[in-house]
There are 2 protein chains.
Amino acid sequence: MPHRLTAILSLSAAPARGETAIEELLPRIAAESLERAVRNRGRAELARWKLHGVELELELTSTEVRPHQALLAIQRRLQEALGKSDKVGVRSLRVPSYTLEFPVEKAPERPVGLPIPHHLTVEHKVGRLELRDLSEEAIRDNWPDRAVSLVEEKLRRQSYEGKEQYWTLLGESPRREMRAAEDPTEAMLARAWVRSGPTKGKWFLGPRAAHLLKVMEKIARTEVLDPLGFSEVVQPHHDSFDILLRTGHLEGVPGEFYYVTEPKTRDPAAWERFTDLVKITRRVPTEELAALVGPPAAVSCYAQCPTIYWWLSGRTLAEESLPLKVYDRTAISNRYESGGRHGLERVDEFHRIEPVYVGTKEQLLELRERLRERYAHVFNDLLELEWRTAWVTPFYMQQSGELAEEESGERVRGTIDFEAYLPYRGTREKSEWLEFQNLSIVGDKYTKAFTIKAQRGELWSGCSGIGLERWLTAFLAQKGLDEAGWPEGFQRVALPLPSEPRFL
Amino acid sequence: MPHRLTAILSLSAAPARGETAIEELLPRIAAESLERAVRNRGRAELARWKLHGVELELELTSTEVRPHQALLAIQRRLQEALGKSDKVGVRSLRVPSYTLEFPVEKAPERPVGLPIPHHLTVEHKVGRLELRDLSEEAIRDNWPDRAVSLVEEKLRRQSYEGKEQYWTLLGESPRREMRAAEDPTEAMLARAWVRSGPTKGKWFLGPRAAHLLKVMEKIARTEVLDPLGFSEVVQPHHDSFDILLRTGHLEGVPGEFYYVTEPKTRDPAAWERFTDLVKITRRVPTEELAALVGPPAAVSCYAQCPTIYWWLSGRTLAEESLPLKVYDRTAISNRYESGGRHGLERVDEFHRIEPVYVGTKEQLLELRERLRERYAHVFNDLLELEWRTAWVTPFYMQQSGELAEEESGERVRGTIDFEAYLPYRGTREKSEWLEFQNLSIVGDKYTKAFTIKAQRGELWSGCSGIGLERWLTAFLAQKGLDEAGWPEGFQRVALPLPSEPRFL
């Protein structure tokens, strides 16, 4: 039997009738509960049981469906029945050992670990995971299924490690004459248009750079979002852990967040020693401070869509409001970039407009085409960029069957990247182009995670990331800082430029 | 003698000539150094000295100027002279005891403490502070003067505790007919225009509320800032500790910050146990997380002006760029409000435009009048609010002589508060009006702290806080949510309203 679960149920008292009391109830209850759980998928049985004083030990085995959900049903029904027949309750349960089998395509190249007690072997394309000392809470909370999924995911990642993401060219703009060859951030630094900020990877934009960033925002709104009927929302710029648990970001990119901690109290008396030390030493007493704030409680916005989904969570959208089209341009995004920072295009803080759309599959496919047209209009007619689009998918998703439509040649769920040539990085052929924009349809992943419903039918969602610093970098890298060389359409929106303060 | 400092200088070796070597040098060097430090303000002397092996103990006394700066000069000159005469160096110094006297107006009502070793007595209007075991660094870093200032400040605060801030009415708008009586946040909640956010004291604004907030922003820009020649800048939304040390915020309001911590690493291997636990348990493992992030390293923006001053730090502004007029509307402000939250007007996250101006005193006084005119135009002609202005000063500043011009009846440095009547809080006379705007001139406090200079003459600065949530609350509290009741001037800017999604 592939799955084998040993459990111990603690009774409130030893039944006066001893094993007879159990014999009368358990085999029947177990058979019914297992049957209901399995529903003809393979076999499942109560392999053995034994009463030791107040502890009832039992073992469940099954061939296909895992038996731990049945265990909870057995516990519940036994509690009822034993209460009636023998005035004995079932206080709690624990699972000293639970062995689960699952198919494995390839033997692991390196050992795979889990942060809970376990033993894992892989032989002849079969993985055998023994979980040990599971609490009742862990069973209720379904740790066993998640532990198996995690092992499967780790094995899958091992086999695709080092492979590129899947990338297919979708389209290319005309080739453009480049009017600059220098790194635009360096050029702006030389003119004091920007100053490298007081904390890592963040920039202070003086009047001209700020103006140009806001011009990009204005273009995105007036040329893309307003014509397509998007409405602005304003969302909090802290993302709660609960939201990031639901989207999967907390397990996906925890090393890329800026975490936020709150003071334990505002009471000045509690802070007196801290403030006195600051006043006398003019330094931050780090240990004092650490003791006065709580543990990380949230993160600074990583992307805007999670909190927009949260806004809609638990709500049912009227037919007439579909597709729902909203965007946020207020929350500021932070990503801890560590070593990869460069100029204004790879930073720890950036300003992004994030349009989010919720509707039927057909509505979103249609909207994606309209968005592509409007973006193309901006990049071709106003910014006159040299750019291209590509269909991108992480390799492991490509292979996991999550994007089944891909196999039929349809491109439905997934992401289109917009990339711009940056002359300062080298030739068109050999240099890495800058991803300055993306456009995604994510299927029902988030509408399900946040329980967002339609009056009828399935709701999908998607989002697009308009990175304003990246629009600006792409533009200045190709057109330079001299306004005379800028395309006429852009000049009409951007000029006159504000004057910069003169520093001596 | 009011001030008495005992120091021990550690020599690199006992001088071969014993006390003779010291006798030849120290009395002369000490006399010269003390004379230079004191410059005829009272007397100062080397009261005694004694050589114990490699330790030279000495005692300095003085009547007015504190003698610790002279001690550093004595150390430096003795090091030079002893090196030449006896090949002996001065390795380090420490101050086992340093007693300082200062006048005190009133005996303390409660004991006053310091976070460094000390003993404090107050008798007959004289405070006597003995600091113990001061290191060389503490002397160099001038802890003694700061410790005395801190004691003086604590005593001053005790005497003004519980007293109101100084408040004088400057002007009042005409009385207006109130078109609403309800709390506007409650009214917006009832219509689902806003949703209370996923973390404390933060709001999600749906399309209508977001639109109205941005209309307020637009009015502030087009009716106040653009006509007066302000330029927009974009600043990082994290404030560094260094900046907040320079402005005094870190000692002033440390319990009101949202602190930011960075991951210790982005390396997924280091985060594997954390992510595995999240995947299996769907909870945040708090202790794991605390071990993976660093100590608080910065704060989420509290006010925008500190980082604007930082942008100008160390720079000299050309005459033609004065007065410099800039504003930021991008950084989002956070204040940890603890128990005091209410609706959209007292929140942990808010959106504010902060204009900052730097120029001569005359330029700033002139600019303040122009700003008051433009604000009055907005509040009277567009929003048609019932509002008033008041001159406000914290009571202890009022008394400390920091605002000397006040005594001559001139109102130069200080803050004008703009307050609006909120009908839902009660009658005009008895309810607390909402401070929805302020306007300050701060003198040279920040230009000095950040070394911002003019080609010639003294530079002053000031700032104004335009709280968009507060403008919106004041407006809706007086005019209601029904657009038909809104003033014509506001309607012209704000209508048509975007439609809200319909939830079932």
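Predicted model: local features only at pLDDT ≥ 70, side-chain atom pairs only at ≥ 80, totals over all residues.
View 1. Beyond residues up to four places away in sequence, Gln158(B) touches Pro108(B), Glu109(B), Arg110(B), Pro111(B) and Val112(B).

View 2. Strand S1 (residues 3-11) of chain A runs antiparallel to S3(A) and is joined to it by eight bridges. Within this pairing, His3(A) has Ser62(A) of S3(A) as its bridge partner.

**View 3. The hairpin of S2(A) and S3(A).** Strand S2 (residues 44-52) of chain A is antiparallel to S3(A), with eight bridges between them. Opposite Trp49(A) stands Leu58(A) in S3(A). Two residues lie between the strands of the hairpin, and Gly53(A) in the turn has a positive phi of about 60 degrees.

**View 4. Packing of helix H1 (residues 19-38) of chain A and helix H2 (residues 68-86) of chain A.** The axes of H1(A) and H2(A) are 9 Å apart and meet at an angle of about 150 degrees, which means that H1(A) is roughly antiparallel to H2(A). Their crossing is right-handed. Residues making the contact include Leu25(A), Ile29(A) and Ala37(A) of H1(A), and Ile74(A), Leu78(A) and Asp86(A) of H2(A). By class, the contact has 14 nonpolar, two polar and four charged residues.

Terms used. Residues numbered from 1 in each chain as written. Chains lettered and ligands numbered in written order. Heavy atoms only, no water. Contact = heavy atoms within 4.5 Å. Pairing = 2+ DSSP bridges. Helix = DSSP H or I, 4+ residues; strand = E, 2+ residues; numbered from the N terminus. Axes fitted to C-alpha atoms, helices over the stretch in contact; angles between N-to-C directions. Parallel < 35°, antiparallel > 145°, perpendicular 65-115°, else oblique. Left-handed = near helix turned anticlockwise from the far one by under 90°. Nonpolar A, V, L, I, M, F, W, Y, C, P; charged D, E, K, R; others polar.
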